[in-house]
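Subject: A structure for you to look at

Hello,

Here is the structure I said I would pass on, with some notes on what turned up in it. Please open it and keep it beside this email while you read.

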Amino acid sequence: MSERKLEVLMSAMHQSDFSLAYKSNIQSDLLIINQCDKDGYDEIEENGYLWRMISTTERGVSKSRNMAINNAKGDICLLCDDDETFFDGYKEGILSAYEEIGDADAVVFNLKRINYTMKKTYYKISSIRLAPKYRGYSSQMLSFRLNKILENNILMNETFGSGTQWGGGEEILFEQEIKEKGLKLYEHPFTISTIDYSNGSAWFNGYNEKYFYNLGAFIGFQFKNKFILRQLRMLLSCYRVRYEKELSFMQKMKWMRIGMKQFKKGLPYAEYKKGNSK
């Protein structure tokens, strides 16, 4: 087995101790970024592993991820949230995958999802050859060689993500930058953890006006408003949201285009609605 160290980088809120690490079945080194009402640092040794916790008054999942990356010590790092339960042997499985794929700079692993409609499963090792512009792998699936991420100055975009006014999308941008900077990203079938989605999302509240407004803002940022209609159609054809019935197709297009336009002005959905309400 490789001498490399795996470190789990967990984003959490309002933790007072390391109870969450036991609940999550952590069997490796660990760094918790604990967004709470104080700044501080704690560490313990558990079964030969170093568990650390940085408490911070900052907010936002992208800021949490970036703080974790900048303070990580592992050779291989795995992003993680506070609603995951890891399977026994996840550390050995992840490190073995990097041995198996010798040139991998980042690897996306499988998750077992509960109360979630997505059925995608990765059954074989495969290279992700194109930047994932139209769909992303959730950040909890993503591992990487820390030195490669730091050398290439790859961080989460703090404009997007839970805790911001523009919704999700930060993980897509992160994975896209990995590819654009020439790093090698792979899928691997090994299943690392279980996630229960019964409590819902921190930012998703349905396929409503706000969702498509924010989606338009994300497209505007990502594509810099080039070939707007073509990009909208391409994105709608790739996302399952085309099947959702809360809004008509034309309403979806309308709110995405508004989001694109207003993002350039720095006007999030709530402020736009407030300024346009009668």
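First, a term: a residue is called buried when its relative accessible area is under 20%, exposed when over 50%, and partly exposed in between, using a 1.4 Å probe and protein chains only. Serine 138, with a relative accessible area of 14%, is therefore buried.

The model is predicted, so local features need pLDDT of at least 70 and side-chain atom pairs count only at pLDDT 80 or more, while totals for chains, interfaces and linings use all residues. Residues are numbered from 1 along each chain as its sequence is written, and side-chain values use heavy atoms, leaving out hydrogens and water.

Helices (H or I, at least four residues) and strands (E, at least two) are DSSP runs, numbered from the N terminus. The protein has nine helices and 10 strands, and 49% of its 278 residues are buried.

Back to serine 138: you will find this residue in the loop between strand S8 (126–127) and S9. Contact means heavy atoms within 4.5 Å. Leaving aside residues up to four places away in sequence, serine 138 touches Leu111, Arg113, Glu171 and Glu175.

Now helix H5 (residues 170–180). Eight of its 11 residues are buried, so H5 is largely enclosed by the rest of the structure. Those buried residues are Glu170, Ile172, Leu173, Phe174, Glu175, Gln176, Ile178 and Lys179. Their cover includes helix H2 (61–71), strand S10 (185–196) and H6. After H5 comes glycine 182, with a positive phi near 85°.

How do H6 and H8 meet? The axes of helix H6 (residues 209–223) and helix H8 (residues 249–264) come within 6 Å and cross at roughly 50°. Axes here are lines fitted to C-alpha atoms, for helices over the stretch in contact, and angles run from 0 to 180 degrees between N-to-C directions. That angle makes H6 oblique to H8; angles under 35 degrees count as roughly parallel, over 145 as roughly antiparallel, 65 to 115 as roughly perpendicular and the rest as oblique. Among the residues making the contact are Phe212 and Tyr213 of H6 and Trp255 and Met256 of H8.

The buried residues of H8 include Trp255, Met256 and Phe263. H8 is followed by glycine 266, whose phi is positive, near 70°.

Enjoy exploring it!
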